[in-house]
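User: Could you take me on a close look at the sheet in this model, and at what packs on it? I would like one connected walk-through.

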Amino acid sequence: MWRVPWTLAARAARGPRRPCTRQGSDSSAPRSGSTIFALSSGQGRCGIAVIRTSGPASSHALRSLTAPRDLPRPRYACLRLLSDPCSGEPLDRALVLWFPGPQSFTGEDCAEFHVHGGPAVVSGVLQALGRVPGLRPAEAGEFTRRAFAHGKLSLTEVEGLADLIHAETEAQRRQALRQLDGELGHLCRGWAETLTKALAHVEAYIDFGEDDNLEEGVLERADSQVRELEVALGAHLRDARRGQRLRSGAHVVVAGPPNAGKSSLVNLLSRKPVSIVSSEPGTTRDVLETPVDLAGFPALLSDTAGLREGIGPVEQEGVRRARKRLEQADLILAVLDASDLASPSSCNFLDTVVSPAGAQSPNGNRQRLLLVLNKSDLLPPGDPVPSPDLPPHLLLSCLTGEGLDSLLEALRKELAAVCGDPSTGPPLLTRARHQHHLQCCLDALGHYKQAKDVALAAEALRVARRHLAHLTGGGGTEEILDIIFQDFCVGK
């Protein structure tokens, strides 16, 4: 997205530099450390584009482009003429801001240039910054990585920022904002504090177990703290799948017999012609998928082949794939023709898909399903209930749109249960990394309970605490950090 300006700046930074001086500018180069710069707003023509720097040479860069003026008052916008530091050619009249460290996003000295958003202006300012000694183009996520390195953001807050940038639905935005505000990190620090107290009690017993001055019940208090923590971790791990669905999208499968209106419903919900709609049975023979925003929640919507005994090998394969997707679905939208409920295909679908989904499995779970009776516009006037024996259902007309609001509200409730409601309850675990470290922490607590020696029990608590530290960023390896930051765009 920001490839063109970054390439221009990189080329300017790598290319030969001719000596240049300007009267009134601060010609002293930075003594040490690297200073980065990048376009932080989106590429393309726009009203305002934001270019920023971070590092010890930020003040030098700001003076070079606005000489002979002094640095503006910290955190106050000033209107300045930007000029090329070598040729003195005017580049733009822009707002500039100065953020001296550590009171900045990265914790370092930072400068921002709010320039007019034309490509020529942006390119000219980036090339001018590339000619300032000590500056280089930023890599993807380098601004945020420096904020993490200077303690401005924890690792969970960094991930929340990345999720906020990539959020496409209202639910994703709310969840990402909660994580960016530090709710998950605060929760983890509370757990770590509980572990620290338990470890202190165990180590006190090791050091002073034979001392009469040691309080009674020290180990019992540690055991009680560990049990409470196990309960809390277990509850969050059970919700981990919901958080990952909220981040990546729930799998919603539209299924039904041929000509029930499945493709019409997919097109209606996605607000674009994803599937071919035809009166000919068996038009859809493969699984068609499209990411959609369903009532504020992210979802992967799948249109499947009509469930019937296929008349040919291609349609039979489509039906097989449709049944496989039904098994993997987080939510099934079961679609029937409201004017043709007595047909063999509708009755078979009710018996083989709708009824089994409503029954609980041995573990107490059931597959979530919404029964939608489409083509309600074909029902006789004054007869809104097609059959009193049907399971709970929703009436819809994909042709007129009648009943769509009720369907979207039902989808919102179902997806809130599937993905978790980001506006209420404790923060969700949205990444596999979170789940991994919490599971390892829980496993270590299990080793603590099974330990026959008090020294081994103390070591198990240390391992558990170390995994919590990894979750929020303490002791993270460079490889893990590289994976996390590589998803950021250049300039963030």
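Analyst: Happy to. Two strands pair if DSSP finds at least two bridges between them; helices (H or I, at least four residues) and strands (E, at least two) are DSSP runs, numbered from the N terminus. This is a predicted model, in which local features need pLDDT of at least 70, side-chain atom pairs count only at pLDDT 80 or more, and totals for chains, interfaces and linings use all residues. Residues are numbered from 1 along each chain as its sequence is written, and side-chain values use heavy atoms, with hydrogens and water left out.

The sheet is open and has 6 strands in the order S3-S4-S5-S2-S1-S6, with mixed pairing. Strand S3 (78-83) and strand S6 (135-137) each have a single partner strand and stand at the edges, so one side of each is left without a neighbour in the sheet. On average, and with direction ignored, neighbouring strands are turned by 30 degrees against each other; angles run from 0 to 180 degrees between N-to-C directions, and axes are lines fitted to C-alpha atoms, for helices over the stretch in contact.

Let's zoom in on one pair. Strand S4 (residues 90-99) runs antiparallel to strand S5 (residues 110-117), and 5 bridges join them. Trp98 has Ala111 of S5 as its bridge partner.

Now for the helices. Helix H2 (residues 58-66) packs on the sheet, touching strand S1 (35-39), strand S2 (46-54), S3, S4, S5 and S6, where contact means heavy atoms within 4.5 Å. The direction of H2 makes about 75 degrees with that of S3. Helix H3 (residues 119-130) also packs on the sheet and touches S1, S2, S3, S4, S5 and S6, with its direction at about 150 degrees to that of S5.
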